[in-house]
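Work through the exercises below with the model open beside the text. Try each task before reading its solution.

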Amino acid sequence: MKDCIFCKIRDGEIPSPKLYEDDEVFVIRDINPRAKCHYLMIPKDHYAYLGDKNANGEVLGRALKKIADLAPSLGLSNGYRVIINQGADGGQEVMHLHIHILGGEKLPL
Ligand code: AMP
Ligand code: ZN
């Protein structure tokens, strides 16, 4: 998708080290961390948001399991929180579906 930050990171047009990558998803550090550890897991296919009728639930399911698998290597052995923001009320800023992963400290509710 033209002019999408996460598509550009996926394609290497904007530099951002990928901490994990496979054929479906990749993980980067959030540029504006809201916790000691703040990562984004981003499906490679461009879907605007969770409610996009084409968003692939199987990929998302595997992405969640992958987060659990990767947690120790991301410094999240003590726990973490996953968040998907959708739309204006959800505070979504980047219209390419992504999963926030927060941890590295006790998070306030
Ligand atoms: P959301 O509000 O759910 O759309 O979250 C978008 C997130 O992307 C925010 O937490 C931003 O800090 C983050 N972000 C925006 N641009 C970049 C970038 N170039 N590299 C890493 N994270 C980014
Ligand atoms: Zn995109």
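**Exercise 1: the metal site**

Task: Which geometry does the site of the zinc ion (ligand 2) have, judged by the angles among its donor atoms?

Solution. The four donor atoms make angles of 103 to 116° at the zinc ion (ligand 2), and the site is tetrahedral. Keep in mind that the model is predicted.

Task: Which atoms coordinate the zinc ion (ligand 2), and what spacing do the donors follow along the chain?

Solution. Step one: the donors are SG of Cys-4, SG of Cys-7, ND1 of His-46 and ND1 of His-96, at 2.0 to 2.3 Å. Step two: along the chain their spacing reads C-x2-C-x38-H-x49-H. Step three: Cys-7 lies in helix 1 (residues 5–10), while His-46 lies in the loop between strand 3 (37–43) and helix 2 (57–70). These two are 39 residues apart, and the pair links distant parts of the chain.

**Exercise 2: accessibility**

Task: Is Cys-7 buried or exposed? How does His-46 count?

Solution. Buried means under 20% relative accessible area. Cys-7 has 3%, so Cys-7 is buried. His-46 has 22%, so His-46 counts as partly exposed.

**Exercise 3: a lysine in the loop**

Task: Where is Lys-44 found, and which side chain does its own side chain join in a polar contact?

Solution. Lys-44 sits in the loop between strand 3 and helix 2. Its relative accessible area is 17%, so Lys-44 is buried. The side chains of Lys-44 and Glu-21 are joined by a polar contact of 2.9 Å.

Notes: Residues numbered from 1 in each chain as written. Chains lettered and ligands numbered in written order. Predicted model: local features only at pLDDT ≥ 70, side-chain atom pairs only at ≥ 80, totals over all residues. Heavy atoms only, no water. Donors = N, O, S within 2.8 Å, 3.2 Å for Na, K, Ca; no water. Tetrahedral: all angles 85-135°; square planar, octahedral: opposite > 155°, others 65-115°. Helix = DSSP H or I, 4+ residues; strand = E, 2+ residues; numbered from the N terminus. Buried < 20%, exposed > 50% of the residue type's maximum accessible area, 1.4 Å probe, protein only. Polar contact = N/O pair within 3.5 Å; in protein donor to acceptor, adjacent residues only side chain to side chain.
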